[in-house]
Amino acid sequence: MTKALIWGSMAVGCVIGSSPAAGQSPSERDTAGVERALLDRYCVVCHNDKAKTANLSLEKLDLTTAGDNPELWEKVVRKLRAGVMPPPGMRRPPLAEYQGLRDWLETEIDRKAVGRLNPGSIGLHRLNRTEYSSVISDLLDLEVDTTTLLPPDDSARGFDNVAGSLTISPTLLEAYTTAAARIARMAVGYWKTPTESAFIAPGDTSQNEHIEGLPLGTRGGMLVHHSFPADGEYKFSIQNFGLGKYVPGEQLELLIDGERVHLFDYVGVGLTQGMQGEADGSLDITIPVKAGTHTVGAAFLAANYRPSLDLIRQYERKSLENNSIPQLQYYPAIGLLRIQGPFHPMRPESSPSMRKVFTCRPSEASEEEACAKDILRTLARRAYRRPPTSGDLERLMSFYQQGRRDGQFEDGVELALRRILASPQFLVRAEKEPASLPAGQPYRVSDLELASRLSFFLWSSIPDDLLISLASQAKLHNPAVLEQQVRRMLVDPRSERLVENFGDQLLYLRNLPATSPDGVFYPNWDDELRKGFRRETELLLESIVREDRSVVDLLTADYTFLNERLARHYGIPNIYGSEFRRVALGPELDYRRGLLGQGSFLSVTWVQNFRTSPVKRGVWVLENILGTPPPEPPPNVPPLEDTKGGGQKILTLREQMTMHRKNEPCASCHKLMDPIGFALENFDADATWRTKQGGDGGVVIDASAELWDGTKVNGPVELRKALVGYSPQFVRMITEKLMTYGVGRGVEYYDMPVIRSIVRDAEKNNYRFSSLLLGVIESAPFQMRTKTRESSN
């Protein structure tokens, strides 16, 4: 369905059932007969009334009415688009006939969909934890760690911003109320009660190398962001120093915003410059700090270059991690940073959040009411994502007056701000349905609602003043104005959240922190490597967004982003320093091109911490490149390690898997998944390149495979080239994910004509990211919704 058809339906009132093509010509009926014969020859052998494989029978379905049953035929189209049906080992039609059936089905579905506009609906859309943090940052210029304030959110359809999964419970409301009080108090700059925050380094944090963000000439340590609620004194405690042995000449520095505030002479457990530490080896210092969010760092000066005597030769990590083999520790290590305060707090004269909140300052008592109303009007406009009504302001002023009676002007503003942050208008995005429209009818959302959809899509946050102003003037839905605003928002730094929140979930990067292989098998692994894997992929996606490249470059990019740590792990020379930079991948590094050569994908698809998993890698490709996830495995399937050969011969991984999948129901799915994983076996579980399984004395890896469509490949380069042949399906998958994330609901069968329209239009522009993004934003599902309830009288 083209945009013209979509908006043409909108222009005439989106009347459902007004299909312009109610009947079929004789030639169309003849075509349906040809496609019916193709189905009978190649598909009905499994999908018949008797076998009903996958609970699907195509035996008696009338193809002349295929467009009237889109829910079923969209399932067929998806399998055909990915090329996974007929399954491996079954006869396949000639490619031209195969593609002809697929295209004909899509055309029939799209033709009937023209008069059946269904943009879908979502219910109340609560702010998730990530959005809440972004909104507080934009509204109040205050960075808060929401993981300490709010519980994690459930995910659905791969994302944590899907409205249906964002439920509201009494416990959650209580957490929001508590968070509102804490944040309001921090924002106005008067925090009276000391608090404590503890930051723990991951167990495999590098302690011998420089950590990005800390000064050059340091090694190991920690770097954290912390919100200091008020001017005052704060106590900093640094703990965990390995086995606590005396190490002459070691010095440790504490930094705030990159500036050294104290230098410790480390002389063993508990002893510093004239200060007695705690029994567990704490280095303590109390210093004054101004209110606001600051970067706090702690690191040792890199003055000790003696060789390590560890029995396990880890790459650059030491004894923070418990390990089955004991180690000798000659480098003290930082494992915990504790910040307590404020002690002796003072109301600051100014802070970033105070400048954001107090847009005026009364010079005398008679000016307080007017100033308070101006402050609250500005805050409510942004927080409620619309101009506040007189009723809104009246309620907020009543809270201000209550707080002012019990304290000062700032106390009144604080109480009213607390009310804003705990209000349903702030916490929930609710779209008002028109009373005059019957249930089931589609309608355009208001410009203010469109502004919220747009800002939460691209910024994970509230609209800015310009968006709200344009929406208030009913200008935002104008296509030219809308496109201009989208392009403006994409160059804004806040669009980095699209990469972080959409990209990290799309590509499973949020799973990396839980990835921790066994140090005996993978001694080169550490937290810096884990962070490097994540940053490499984020920067690749960011380059595609910022440079408006083709999304297919996610598979084929001839460049990547590396720092010294990651380059050394990949075996790429002449990259120095902790900063990431763009690196061209020449012919000798062809196997590293695109996602399939990156450690983020390769390391989240291993199994049991000590070997690769061809199955998991195959599933990842089927789901995230071809958009056809396999069914869940049947219950009680034995793990691979329980599968034994007939004799004492040590089986290769491929041989073990061949035995594992000998019988149904395993065989049919593994024929799809396993060949993909076998072609990637040259990549070890930690993403290093290998030619043998089990080290230099092991078995030579066989990376040859025959894919589901009969294509023979050998290694990751040939696999990538085979997958590029399915680029249109990959683009459809990305578009579906963008739609899911942008609208806040899963893509359904009735959305597929719109998805196909977006992809067809984007193909004319080489599938550039902006083409897909604008296609989603300009579509009916993004700008419209279907009324769900009849209006009450």
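Analyst: A residue counts as buried when its relative accessible area is under 20%. By that cut-off, the buried residues of helix α12 in this predicted model are D447, E449, L450, A451, S452, R453, L454, S455, F456, F457 and L458. That makes 11 of the 12 residues of α12 buried, and the helix is mostly covered. Helix α12 runs over residues 447-458. After α12 comes S460, which has a positive phi, near 55°.

Helix α3, residues 70-82, can be described in the same terms. Its 13 residues reach 18 Å from the first C-alpha to the last, close to the 18 Å expected at 1.5 Å a residue. In α3 the buried residues are P70, L72, W73, E74, V76, V77, L80, R81 and A82. Just after α3, G83 takes a positive phi of about 75°.

For contact between helices, take α5 (residues 129-140) and α6 (residues 170-187). Their axes come within 12 Å and cross at roughly 25°. Angles under 35 degrees count as roughly parallel, and α5 and α6 are therefore roughly parallel to each other. The crossing of α5 past α6 is right-handed. From α5, the residues Y132, I136 and L140 meet Y176, A179, A180, I183 and A187 of α6. By class, this contact has 8 nonpolar residues, with no polar and no charged ones. An α-helix has 3.6 residues a turn, so residues three or four places apart point the same way.

G232 is found in strand β4, residues 231-239. G232 is buried, because its relative accessible area is 6%, and the cut-off is under 20%. Leaving aside residues up to four places away in sequence, G232 touches I287, P288, V289, P342, F343, H344 and P345. One of these, V289, is 57 residues from G232 along the chain, and the two C-alpha atoms are separated by 5.9 Å.

As for the whole protein, there are 27 helices and 20 strands. Of its 793 residues, 56% count as buried. Among contacts with a separation of 6 or more, 71% involve residues 24 or more positions apart.

Definitions and conventions:
Residues are numbered from 1 along each chain as its sequence is written. This is a predicted model: local features need pLDDT of at least 70, side-chain atom pairs count only at pLDDT 80 or more; totals for chains, interfaces and linings use all residues. Side-chain values use heavy atoms; hydrogens and water are left out. Axes are lines fitted to C-alpha atoms, for helices over the stretch in contact, and angles run from 0 to 180 degrees between N-to-C directions. Helices (H or I, at least four residues) and strands (E, at least two) are DSSP runs, numbered from the N terminus. Angles under 35 degrees count as roughly parallel, over 145 as roughly antiparallel, 65 to 115 as roughly perpendicular and the rest as oblique. A crossing is left-handed if the near helix is turned anticlockwise from the far one by less than a right angle, and right-handed if clockwise. Contact means heavy atoms within 4.5 Å. Ala, Val, Leu, Ile, Met, Phe, Trp, Tyr, Cys and Pro count as nonpolar, Asp, Glu, Lys and Arg as charged, and the others, Gly among them, as polar. The expected span of a helix is 1.5 Å times one less than its number of residues. Buried means under 20% relative accessible area, exposed over 50%, partly exposed in between (1.4 Å probe, protein chains only).
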